[in-house]
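Visitor: I would like a close look at a single part of this model, with the terms spelled out.

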Amino acid sequence: MKREGNLWNSLISDDNLRKAITTVCKSHKWVHYPNARNKITTWMESDISARVKELRAILVNGFIPGENKNKRRYDVNAGKWRDIVEPPLFPDQCIHHALVQVTEKVMMRGMDYWCCGSIKNRGAHFGATGLKKWMSAKRTSYCIELDIYHFYDSIKPEHVMNRMKRLIKDHKVLDLIWRIVKDGVSIGAYCSQWFANTLLQPLDELIRKTGATRYLRYMDNFTILTNRKRAANKIIKAIRSWLGEIGLEIKGNWQKFNRKNRYPNALGYRFGEGFTLLRKKNLLRLKRFLKRFYYLWSSGKFIPVKFAQGLLSRLGMLRHCNSVALYERFVRPKTQKHLKDIVRKWQREIVGKWLPAPSY
């Protein structure tokens with residue numbers, strides 16, 4: 001693959017830096033608590049031209065990453081605690097976005113079509129459409145489900161740089177990438193998800209060549225369908241060998257099974273031939289959320305906005321599976337309307353508070 005050069009001038013151009021600042025401001029404009037405008041994004045939007053000049057000066061003089069905020073959050077879906085890193089909005093996150101905007105085409109050049117997660121238009125529902133289609137296809141008797149043990153924590157910066165050097169030959173851009181990843185590829189940084197997907201591109205190609213009839217990867221979660229048990233064993237051996245070369249390993253709870261005996265479990269759903277079911281854990285959480293909401297609603301107690309948004313998101317999952325009977329059994333009429341009214345009320349109060357008064 002031909003390496004890409006002459007990226008530095010595009011990275012520090014006015015248009016690229018302005019777009020990066022606008023994107024960061026758009027996604028961090030509001031602070032949920034105490035329900036106010038973000039002071040940093042307000043400051044950046046007050047004079048974007050000046051911020052562009054400051055960003056360019058920082059990049060030209062040598063970007064030094066700022067001190068990150070470390071947060072420990074419980075991932076309900078994964079059932080474990082995660083250490084989340086939050087880089088400063090300015091200049092760190094703006095520089096991360098500016099870098100990805102320039103290198104995205106290069107990293108996407110060798111990306112597998114069914115590589116999902118943290119890629120535009122390739123979310124969980126994109127992957128679910130592929131799995132639904134494959135379940136009715138022939139030559140998919142065996143299924144492999146596995147993920148990488150402590151993926152982000154175990155990625156070594158040297159291996160990320162080796163992979164990026166095979167795609168990019170602009171030394172200034174490579175130096176910027178090294179400054180960002182030298183302390184580790186952390187969950188929460190915008191660049192991390194791109195570097196992680198790019199690092200696993202050769203593994204995607206290897207799995208395709210080893211005998212996978214159908215293959216989907218959502219970040220570090222692999223769902224592989226093949227026609228023979230021997231081919232499945234060969235794929236697992238190839239994955240373990242490739243990961244071992246870069247200091248990674250398969251998580252111990254990997255599974256290989258005949259899909260006639262059980263349904264593949266991925267992306268929050270269970271996939272059968274001609275039907276899709278909600279995953280048992282997700283169904284249990286949905287029932288608990290609904291029970292709590294109906295209790296708060298009937299007793300007239302305060303319903304937090306984040307709770308309403310989370311329940312709306314879980315109800316939205318039912319649209320992508322066979323859930324008519326489930327919806328009729330557990331979801332009362334006008335539930336979504338009540339939840340949307342809570343979110344709309346919050347948005348009107350907060351946005352209206354900071355909008356300028358109309359001039360007549």
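Is the crossing of α5 and α10 left-handed or right-handed?

Guide: The crossing of α5 and α10 is left-handed, a term used if the near helix is turned anticlockwise from the far one by less than a right angle, with clockwise counting as right-handed. This is a predicted model, in which local features need pLDDT of at least 70 and side-chain atom pairs count only at pLDDT 80 or more, while totals for chains, interfaces and linings use all residues. Residues are numbered from 1 along each chain as its sequence is written, and side-chain values use heavy atoms, leaving out hydrogens and water.

Helix α5 covers residues 89-108 and helix α10 residues 190-199; helices here are DSSP runs of H or I with at least four residues, numbered from the N terminus. Their axes come within 10 Å and cross at roughly 15 degrees. Axes are lines fitted to C-alpha atoms, for helices over the stretch in contact, and angles run from 0 to 180 degrees between N-to-C directions. The crossing angle makes α5 roughly parallel to α10, a label for angles under 35 degrees.

On the α5 side, the contact (heavy atoms within 4.5 Å) is made by H96, H97, L99, V100, E104, M107 and M108. Helix α10 contributes Y190, C191, W194, F195 and T198. By class, the contact of α5 with α10 has eight nonpolar, three polar and one charged residues. Nonpolar here covers Ala, Val, Leu, Ile, Met, Phe, Trp, Tyr, Cys and Pro; Asp, Glu, Lys and Arg count as charged, and the others, Gly among them, as polar.

Elsewhere, three strands form an open antiparallel sheet in the order β10-β11-β12, where strands are DSSP runs of E with at least two residues and pair if DSSP finds at least two bridges between them. Four bridges join β11 (residues 269-272) to β12.

Note on methods
Parallel < 35°, antiparallel > 145°, perpendicular 65-115°, else oblique.
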